Amino acid sequence: MITTTAHRAPAVVRVRASAKINLHLAVGDLRPDGYHDLVTVFHAVDLADEVTLQTAERHSVRTVPADGVPVGAKNLAGVAARMLARRSGAGGPVAIEIAKQIPVAGGMAGGSADAAAALVGCAALWGLDIGRGELAEIGAAIGADVPFALTGGTAVGTGRGDRLSPVLARTPLHWVLALADGGLSTPAVFAELDRLRTVSAPPRVGAVTRMLAALASGDPAQVAAVLGNDLQPAAISLQPGLRRTLRAGLSAGALGGVVSGSGPTVALLCADAESAGGVAAELAGSGTCRTVRVASGPAPGARVVGSGSVRH
Ligand code: C5P
């Protein structure tokens, strides 16, 4: 049972939630429930959405900028708030405002980050006595990536990607993210992979142990050498320009590159922060992506960064 804590809950809560990259993503066969079994290494980076939650007369979700973000009943932050209210029997309507940095439909789990932020934010707003494990269980019902968005860091995900075990990887990794024009639908990319597998044998990533050893070494060159994503051929099949983005990133000096999750964001791993700055500048001028961002990981999971009794 979820209980409320005795102390007075705040009226406004601000939560930050990080984007993720999949350093390794092995996709199994299609399951009867429409999902695929995964073995993945999630890595949270410091590109984050900031979500402000406030007690209100009725539920609402507003996103800034709003371009492409699902509205109404489809917005995952709103879904998360309503689900937690139902499960806890506590809390009332909330006004949710999302300052969006994570690309929409970009393969970086932006929607899942917002859902995780809403769970953490509502729990604080309503003074719920609820553990991370219980939040993760509710999160997994919203989307496969929500448990990792709560946890952050670097972690191996199995099952649908929602069963997590942490990976010790303290050395920071420096990334350039190439953001594409438009997004890709995650179900469409998984379906394209299923189709490709019926007509050819697209390359499969190797064993996850190679990535775990590379992370343990702390050497970004070793991590770069084993970056791999089974969804990459499917994302490239749907958006062939991604091949040029990857090539441009490598010729700009990145150690390695990979399509992030279902794409179309391309993540380029660099030797250090200085190198990432140079790669970002060159890639921005290459005409192979809409814009670039520099980011580093591992970053924390969804967490409260401010609260108060009135909005400021
Ligand atoms: O869980 P989530 O809503 O993020 O997943 C979106 C879609 O991506 C699923 O409906 C499914 O088509 C696909 N997916 C999958 N296998 C996974 C995760 C997602 O096929 N492990």
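Predicted model: local features only at pLDDT ≥ 70, side-chain atom pairs only at ≥ 80, totals over all residues.
Q: What makes two strands count as a pair?
A: Two strands pair if DSSP finds at least two bridges between them. Among the residues concerned, valine 176 has valine 294 of β13 as its bridge partner.

Q: Why are β11 (256-259) and β13 (291-297) said to stand at the edges?
A: The open sheet consists of 4 strands in the order β11-β12-β9-β13, with antiparallel pairing. β11 and β13 each have a single partner strand, so one side of each is left without a neighbour in the sheet. From one strand to the next, the twist averages 25 degrees.

Q: Why is alanine 105 called partly exposed?
A: Its relative accessibility is 41%. Buried requires under 20% and exposed over 50%, so a value in between makes alanine 105 partly exposed. The residue is found in the loop between β5 (94-99) and α2, and its phi is near 50 degrees, a positive value in a residue other than glycine.

Q: What makes the crossing of α1 and α2 right-handed?
A: A crossing is right-handed if the near helix is turned clockwise from the far one by less than a right angle. The crossing of α1 and α2 is of this kind, with an angle of about 35 degrees and axes 7 Å apart. The contact involves residues including Leu76, Ala80 and Leu84 of α1 and Ala115, Leu119 and Cys122 of α2. The residues of this contact divide into 10 nonpolar, 2 polar and 1 charged.

Q: Which residues of α3 (residues 132-142) are buried?
A: Leu135, Ile138, Gly139, Ala140 and Ile142 are buried, so each has under 20% relative accessible area. Their cover includes α1 (76-88), α2 (110-125) and α4 (146-151).

Q: Where are cis peptide bonds found?
A: One runs from valine 64 to proline 65, with omega near -10 degrees; proline 65 lies in the loop between β4 (60-64) and α1. Another joins glycine 297 and proline 298, with omega about 0 degrees; proline 298 is in the loop between β13 and β14 (303-308).

Notes: Residues numbered from 1 in each chain as written. Heavy atoms only, no water. Buried < 20%, exposed > 50% of the residue type's maximum accessible area, 1.4 Å probe, protein only. Helix = DSSP H or I, 4+ residues; strand = E, 2+ residues; numbered from the N terminus. Contact = heavy atoms within 4.5 Å. Axes fitted to C-alpha atoms, helices over the stretch in contact; angles between N-to-C directions. Nonpolar A, V, L, I, M, F, W, Y, C, P; charged D, E, K, R; others polar.
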